[in-house]
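Please read this briefing with the sequence and the 3D structure in view. It is arranged by topic for a reader new to the structure.

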Amino acid sequence: MAEPKLQTAEPLTRLNPLAQKLKLRLDEDQLTNCMRCGFCLPACPTFRVRGIEAESPRGRIALMKAVADGVMDPDEAFEAQMNHCLGCRACEPACPADVKYGQLIEQARDAIEDHTTSHRWWVKGLRRTMLRGVFPKQKRMQMLGRAIALYQRTGLQRLARGSGMLKLFPAHLADMEAILPPASGQGVIERIGVRHPAKGERIATVGLFRGCIMDVMFTETNVNTVELLTEAGFEVVIPEAQNCCGALHAHSGEADDARRLARSNIAAFRAAGVEHIVTNAGGCGATLVDYDHLLHADEEWREEARWFAEHVIDISELLVRRGRLPHFCDTAAGSEPTCITYQDSCHLRNVMRTSDAPRRLMRSVEGTAYVELPEADRCCGSAGIYNITQPEMAGQLLEDKMGLVNGTGASYVLTSNPGCLLQMKLGEHRHGEGRQVEHIVDFLHKRLVPRT
Amino acid sequence: MLNEEAKAALTALLGNEGYRDDKETRVTHSYDGTPMLQALPDAVVYPSDTQQVSEIMKVLNAHRIPLVSRGSGTNLCGGTVPVEGGVVMVMHRMNRILEVDLENLTATVQPGLITKQFISHVESLGLFYPPDPSSMAISTIGGNIAECSGGLRGLKYGTTKDYVIGLEAVLASGEIIRTGGKLMKDVAGYDLTKLLVGSEGTLAIITEATLKLIPPPKAKKTMLAMYSDLYGAARTVSKIIESRIIPATLEFLDNPTIRVVDDFAKLGLPLDMAAILLIEQDGEPELVERDIARIEEICRSEQADRVEVAEDAAQALKLLTARRSAFTALARLRPTTILEDATVPRSKIADMVLEINRIAAKHNVNICTFGHAGDGNLHPTATTDARDAEEIHRVEEAFAEIFEAAIALGGTITGEHGVGIVKAPYLEWKVGAAGIALMQGIKATFDPHHLLNPGKLFAKSARRRVVIDRG
């Protein structure tokens with residue numbers, strides 16, 4: 001028998017700048033922790049659609065490690081593969097070794113962002129403007145909200161739709177435009193103020209994290225969140241100094257900006273003297289619970305970040321765990337109960353690890369029948385701005401998802417995150433059977449029977 | 001890289017989707033579940049049917065290019081790492097259930113089918129396929145057959161080999177053979193079906209399998225027994241079997257594992273216990289009750305410190321948590337986890353565990369042992385760091401001694417993971433020089449040019465562990 005020819009790393013004589021940056025940024029411990037057992041493969045949506053090892057978490061980590069080890073040079077295919085990941089993190093609960101895949105993919109994207117040549121100059125410029133100049137500044141978000149509201153209300157939207165102008169955009173963008181909810185120039189604080197007393201005996205004082213996009217596009221949901229919380233016995237404070245969670249920055253590889261936003265949020269909620277930081281958007285929540293990791297190297301903020309991360313909680317979890325559960329009743333239901341189903345927010349389920357609480361709340365609504373959506377734990381393809389940057393894969397995932405939704409017989413699809421909400425609305429628009437898509441908070445709020 | 005002629009022939013056969021040789025694809029097919037082992041293939045192919053497999057093999061045979069066939073690449077013996085380069089054949093596209101024959105209680109499937117999907121499907125038809133390797137959520141039937149996978153139910157229900165009754169396979173020459181069939185009896189010549197099961201892709205490429213199904217048990221009950229005396233636990237195992245009771249599951253955790261599991265899952269396990277046994281019985285409800293009551297008596301008579309019998313499914317699940325979290329808890333301790341599967345006659349379990357602990361102390365390495373006590377199949381698991389060459393060397397020395405100890409107790413170097421490349425240097429210890437020569441003869445008959453999974457099973461020289469420091 002021939003002696004096995006074992007392939008060791010052939011050191012590259014000249015590392016390209018991206019390879020050097022990746023070597024610096026990627027956490028070597030996490031790369032080593034992956035033992036390649038393959039348990040993450042069935043959990044990964046892109047692996048399931050494409051069936052190719054490189055499209056799996058184990059494959060992507062192997063690619064990162066190959067670059068860090070100097071076995072391969074990161075090329076365009078490497079970049080594309082890193083961007084192909086949804087970041088849904090369904091691989092993390094499946095991993096026996098607790099590899100922080102979410103951190104690795106962010107480190108890889110962070111390095112790629114510094115070096116990519118695939119963005120054109122105006123894409124870079126627009127990203128910078130949005131990530132630095134708009135998302136972190138709530139006033140500017142509100143201005144943007146007013147602009148969108150103007151577009152929607154003045155007839156410009158009708159004009160755009162009627163004129164066929166939208167046909168100039170790629171189909172997936174025109175579709176997105178069609179399902180955009182009415183925006184608002186007024187956020188939750190402008191609408192109802194900062195402090196809201198508990199109904200009945202106060203259980204705790206909690207802080208609402210309003211979210212930057214959430215507060216402009218889904219102001220009503222924020223208002224409803226406050227009302228559900230006070231009804232359940234919580235005093236609610238909405239610190240004015242809070243800003244964007246930094247999710248879009250962290251996922252897009254702008255780690256420094258994400259850290260800056262994190263410090264400012266921690267300070268705002270610390271100053272408000274709250275016991276919990278409550279979110280109603282799984283995507284924001286997942287970033288907030290990661291603040292301890294984000295600031296782990298920051299000596300001054302490390303402890304504060306740990307406190308913050310430990311006290312972030314989704315509204316459904318807080319209501320179920322500590323609240324006086326209000327009575328919810330669907331009065332519109334006739335003799336047949338209203339059939340409802342639920343699509344998990346990946347980040348709420350896989351990162352915040354909240355999946356049972358929303359289901360318990362839905363089951364508690366009188367006059368409704370909750371049906372579990374098969375594979376509710378699988379990503380719908382929204383994944384932040386993935387549905388805009390990777391329309392093909394997102395479209396495939398959404399089509400598969402809607403096939404399952406259509407099989408439930410439900411007349412409502414509920415979810416816990418604005419991105420998922422829009423994506424499911426898009427799904428209804430393209431493949432649906434005319435059912436309602438709502439945030440779980442709005443659904444519950446409408447069916448709240450006030451205490452007498 | 002492959003020569004242009006071979007590449008052109010394979011591309012013509014499979015198209016650009018079915019043949020890939022870009023760096024990304026090669027890197028992501030250079031490993032499996034084995035720590036510290038990696039080698040790049042020259043190309044990867046994804047066949048869609050048996051005919052394509054045969055055509056591919058004819059091309060590779062003509063050019064003398066090696067081939068490694070694989071499913072999901074979860075094996076732990078380096079069995080699917082292409083250590084001599086060549087082509088990796090991924091069977092995922094051949095993943096259909098061709099037939100479930102309810103009259104004969106058999107199923108015919110393609111090799112790329114995920115085991116758990118298959119199990120769920122037959123269960124939905126009210127049938128039972130017992131082999132349940134812990135990787136079954138992603139491992140494939142073809143991979144399970146190639147490695148003769150076991151699982152937690154091996155003691156009562158046997159392993160993969162007991163359920164494979166017919167195969168279709170492609171030889172190195174590209175010829176297609178069929179063995180066995182939907183037959184419960186078949187003595188027409190040598191049993192090639194059994195020969196191919198567990199042959200680790202070195203004899204042929206399995207392209208279709210006929211599997212035996214059985215009716216599922218009607219009831220199941222779970223219990224847990226804890227011992228401060230290791231021999232008490234071991235005697236319990238022997239005595240259960242002596243009493244003519246074959247439990248569905250009879251699992252074991254040693255003290256180091258108990259500590260790690262408790263630290264991870266916060267189960268409140270007594271940390272001074274030397275061993276925990278997790279026992280399950282299934283079958284007719286009356287029989288299950290009677291067996292569990294009898295086992296409980298045996299546990300107590302062998303001085304178990306604590307015995308808990310689950311009252312319902314929820315409680316059973318809680319008892320199972322300790323065993324189920326063992327691998328996860330160990331995997332989180334250190335960056336690298338090396339899981340072995342030395343196996344001894346079940347009467348020798350206690351002696352083997354003590355040997356493992358002695359050897360671990362001698363080499364100053366951390367080894368926790370858990371596993372299938374009922375069939376003597378233990379999983380001594382070393383937690384270490386691939387980046388520490390000196391420690392890895394000590395781990396290797398310790399495992400060599402553990403294999404030696406297992407054989408001295410009448411056992412084997414591997415119960416269910418396979419030989420692959422990792423245990424090739426030790427195979428001769430188990431089967432002897434004449435045994436190796438015979439196996440090499442069989443290999444040469446099937447595969448005269450050594451194209452199928454070369455470098456596996458047979459080491460150039462015995463007693464040297466082959467690892468590399470990258471991967």
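This is a predicted model: local features need pLDDT of at least 70, side-chain atom pairs count only at pLDDT 80 or more; totals for chains, interfaces and linings use all residues.

Residues are numbered from 1 along each chain as its sequence is written, and chains are lettered from A and ligands numbered from 1 in the order in which they are written.

**Chain A**

- Chain A holds 26 helices and 11 strands, where helices (H or I, at least four residues) and strands (E, at least two) are DSSP runs numbered from the N terminus.
- Of the 452 residues in chain A, 50% are buried, a residue being buried if 20 or more other C-beta atoms, placed from the backbone, lie within 10 Å of its own.
- Among the contacts in chain A with a separation of 6 or more, 80% are between residues 24 or more positions apart, two residues being in contact if their C-beta atoms, placed from the backbone, lie within 7 Å.

**Where chain A meets chain B**

- In chain A, 35 residues are in contact with 40 residues of chain B.
- On the side of chain A that touches chain B, α2 (28–33), α4 (57–68) and α5 (76–84) of chain A each supply at least two residues, and α4(A) gives the most, with four residues.
- That side of chain A divides into 20 nonpolar, eight polar and seven charged residues, with Ala, Val, Leu, Ile, Met, Phe, Trp, Tyr, Cys and Pro counted as nonpolar, Asp, Glu, Lys and Arg as charged, and the others, Gly among them, as polar.

**Domains of chain B**

- Chain B is assigned domain 1 (1–216 + 435–471) and domain 2 (217–417), with bounds that come from an automatic or database domain assignment.
- The centres of domain 1 and domain 2 of chain B, taken over C-alpha atoms, are separated by 30 Å.

**A helix pair in chain A**

- The axes of helix α24 (residues 391–406) and helix α25 (residues 418–431) of chain A come within 10 Å and cross at roughly 75°, the axes being lines fitted to C-alpha atoms over the stretch in contact, with angles from 0 to 180 degrees between N-to-C directions.
- Therefore α24(A) is roughly perpendicular to α25(A), a label for angles of 65 to 115 degrees.

- Strands β7 (residues 164–170) and β8 (residues 176–180) of chain B run antiparallel and are joined by five bridges, and strands pair if DSSP finds at least two bridges between them.
- Val170(B) stands opposite Ile176(B) in β8(B).

Technical notes: A residue is buried if 20 or more other C-beta atoms lie within 10 Å of its own, exposed if 12 or fewer, and partly exposed in between; C-beta atoms are placed from the backbone. Angles under 35 degrees count as roughly parallel, over 145 as roughly antiparallel, 65 to 115 as roughly perpendicular and the rest as oblique.
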